[in-house]
Amino acid sequence: MTQADTAGLDGYAARIEALARELGLEFAPVEFELVPDSFMAEIAIYGLPVRMRHWSFGVRYIHQLVHQKMGNSHMFEVMFPGDPCHAYMAEHNSVAENTLVTAHVLGHADFASRNTLFLRFGAMAGQRILEQSAARAQRLEMALQRHGQEQVEAVLDAALALEQHVDIHAELHRLPYSVPSAPSARTGPPGVAGTQDAAGTDDPFTQRYRRLPGEAAALAAHEAARARVTQRPLLPPQPEYDLLWFIAQHGPELADWERDIFLAVREESFYFYPVYACQIMNEGWASYWHARLLREADFLPPALYLSAIKSHSDVVRPYAGEHQQALAVNPYHLGFCMWEHIIEREGLARARQICRDDDDCSFIRNYLDDELADRLGLFVHESRRDGETRMASRDLRAIREAILAPKYNYGAPCIAVTLLNDDGSLVLRHDHQRDGRGLDLERAEQVLAYIARIWRRPVTLHTADFRGTPRVLRSKSEGIPEPPAPAASSATSATSTMPTAPPVQY
């Protein structure tokens with residue numbers, strides 16, 4: 001863009017922002033910045049303009065470049081909710097494209113200011129994520145200088161492999177587990193022999209219950225178990241799904257800088273979660289508003305408006321290519337059509353309530369109806385091992401679940417820490433029935449090796465393979481080396497199991 005183009009865009013952006021507020025959009029100040037294409041790609045891959053550097057981001061960067069060269073990806077903008085919001089626009093975009101981007105970003109900012117999930121996680125993870133991320137990156141650079149690349153990358157390998165294994169229902173800043181009080185001679189489960197319940201009664205029924213065959217032995221075993229727990233409280237007291245938090249809190253030999261890396265990755269995962277959980281809603285809301293703002297912006301020159309609307313059509317198109325049926329849902333297309341459908345039927349006030357209260361799961365299940373699914377031509381497909389792909393169902397429930405299945409549990413398998421043994425070994429369990437899938441055992445073994453290297457004790461994972469057959473994976477002894485001494489830069493070829501949740505982008 002030339003200097004004259006930039007000046008023209010600034011004028012359009014100011015008037016679009018004023019129009020947006022007239023139409024009822026509410027948002028924190030938005031700071032726009034034009035950046036080179038290479039920087040746009042780096043932001044999209046790292047997830048933040050400045051972030052802890054790791055080799056896995058380089059792999060993703062190469063993949064992104066390949067997609068762009070093949071014409072399968074076009075980044076118009078990257079936007080970060082906060083106060084203020086930050087939006088980066090590509091310099092190669094035309095004035096019309098960046099005018100559309102301006103309206104789109106304002107839609108995102110309005111969504112982030114209304115949606116309960118964004119507000120909750122923003123309050124926990126902070127509204128100044130860019131500054132916080134830069135500070136963490138600086139601390140990591142200091143660790144690299146002090147401890148060497150090999151040792152720091154070993155910690156990042158484990159932390160980034162587990163970056164989506166957080167407990168989204170818990171608070172970011174959690175307290176340690178509480179220690180149970182010592183049992184008295186007369187405490188136990190209500191209604192059990194020798195037990196005094198919460199009301200302090202020991203009625204005739206309880207007296208008779210005590211004399212039932214086998215109850216005395218059961219009570220003795222119960223009291224012995226309680227005594228053992230009191231001597232060394234069971235850790236964790238219940239299955240712990242926040243693996244990053246547990247390792248940071250209970251890693252037997254983690255140094256402070258290693259704990260800092262785990263907690264930093266965890267905090268960034270909390271920031272990214274609403275973007276991941278509301279992608280269809282958020283992109284659809286921003287697309288609805290950029291289309292409406294452009295339509296009502298009578299100050300835009302006709303040629304610029306037509307060019308911007310052409311870009312809108314490219315963004316929300318449902319197809320993979322000319323006359324091809326798409327085998328993946330375009331969140332912009334689906335979200336845009338759903339919001340139009342809702343606003344047409346129930347009005348804008350109702351749409352804003354939905355924007356406030358829902359995430360993608362409730363949005364799809366409550367508001368994707370048969371009429372809209374038929375109009376959009378949605379279906380469930382299945383692929384055979386011989387390469388054949390066929391339509392499996394047009395049932396609405398199957399369509400909804402097919403859209404939502406990859407989004408369940410932050411896109412990660414449901415794995416919990418279930419036991420920290422006396423010898424320091426760690427037991428993990430994959431609840432494969434809950435998330436309805438087995439693990440890629442080869443990748444699971446690699447991640448287990450990452451964890452064992454940081455935990456520095458044996459680690460066991462109870463899981464299932466892709467057929468649902470129970471399997472037990474144990475970290476190999478060579479997977480638990482002594483912490484490497486600071487050394488020169490070295491490369492590793494393993495891969496992380498989970499990608500970073502992306503920022504808002506085209």
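Ser-287 touches His-104, His-312, Val-316, Tyr-332 and Phe-336, leaving aside residues up to four places away in sequence. Ser-287 lies in helix H12. At 0% relative accessibility, Ser-287 counts as buried. The model is predicted. The protein chain holds 20 helices and ten strands. Of its 506 residues, 49% are buried. Among contacts with a separation of 6 or more, 74% join residues 24 or more positions apart.

- Ser-287 has a relative accessibility of 0%, and the cut-off for buried is under 20%, so Ser-287 is buried.
- Thr-102 is found in helix H4, which spans residues 95-114.
- Thr-102 has a relative accessible area of 2%, so it is buried as well.
- Thr-102 touches Leu-9, Ala-13, Phe-32 and Met-89, again not counting residues up to four places away in sequence.

**Aromatic pairs**

- A pair of aromatic rings is described by the distance of the centres and the angle of the planes.
- With ring centres required to lie within 6.5 Å, the count comes to 15 aromatic pairs.
- Tyr-288 and Trp-289 belong to one aromatic cluster with Trp-285, Trp-339, Phe-363 and Tyr-367.

**Charges over rings**

- Arg-174 lies over the face of Trp-245, at 3.8 Å from the ring centre.
- The charged end of Arg-434 sits over the ring of Tyr-241, 4.8 Å from its centre.

**Helix H14 against helix H15**

- Helix H14 (residues 331-346) packs on helix H15 (residues 348-357) at an angle of about 135 degrees.
- Their axes are 7 Å apart.
- That angle makes H14 oblique to H15.
- H14 contributes Trp-339, Ile-342, Ile-343 and Glu-346 to the contact.
- H15 contributes Leu-348, Arg-350, Ala-351, Ile-354 and Cys-355.
- By class, this contact of H14 with H15 has seven nonpolar, no polar and two charged residues.
- Trp-339 takes part in the H14 contact and is also a member of the aromatic cluster.

**Helix H12 against helix H16**

- The axes of helix H12 (residues 279-296) and helix H16 (residues 360-367) come within 7 Å.
- The two axes cross at roughly 75 degrees.
- Angles from 65 to 115 degrees count as roughly perpendicular, so H12 is roughly perpendicular to H16.
- On the H12 side, the contact uses Gln-279, Ile-280 and Met-281.
- On the H16 side, it uses Asp-360, Phe-363 and Ile-364.
- By class, the contact of H12 with H16 has four nonpolar, one polar and one charged residues.
- Phe-363 meets H12 in this contact and also belongs to the aromatic cluster.

Notes
Residues numbered from 1 in each chain as written. Predicted model: local features only at pLDDT ≥ 70, side-chain atom pairs only at ≥ 80, totals over all residues. Heavy atoms only, no water. Phe/Tyr/Trp six-rings, centres within 6.5 Å; stacked < 30°, edge-to-face > 60°. Lys NZ or Arg CZ within 6 Å of the ring centre and 35° of its normal. Axes fitted to C-alpha atoms, helices over the stretch in contact; angles between N-to-C directions. Helix = DSSP H or I, 4+ residues; strand = E, 2+ residues; numbered from the N terminus. Parallel < 35°, antiparallel > 145°, perpendicular 65-115°, else oblique. Contact = heavy atoms within 4.5 Å. Nonpolar A, V, L, I, M, F, W, Y, C, P; charged D, E, K, R; others polar. Buried < 20%, exposed > 50% of the residue type's maximum accessible area, 1.4 Å probe, protein only.
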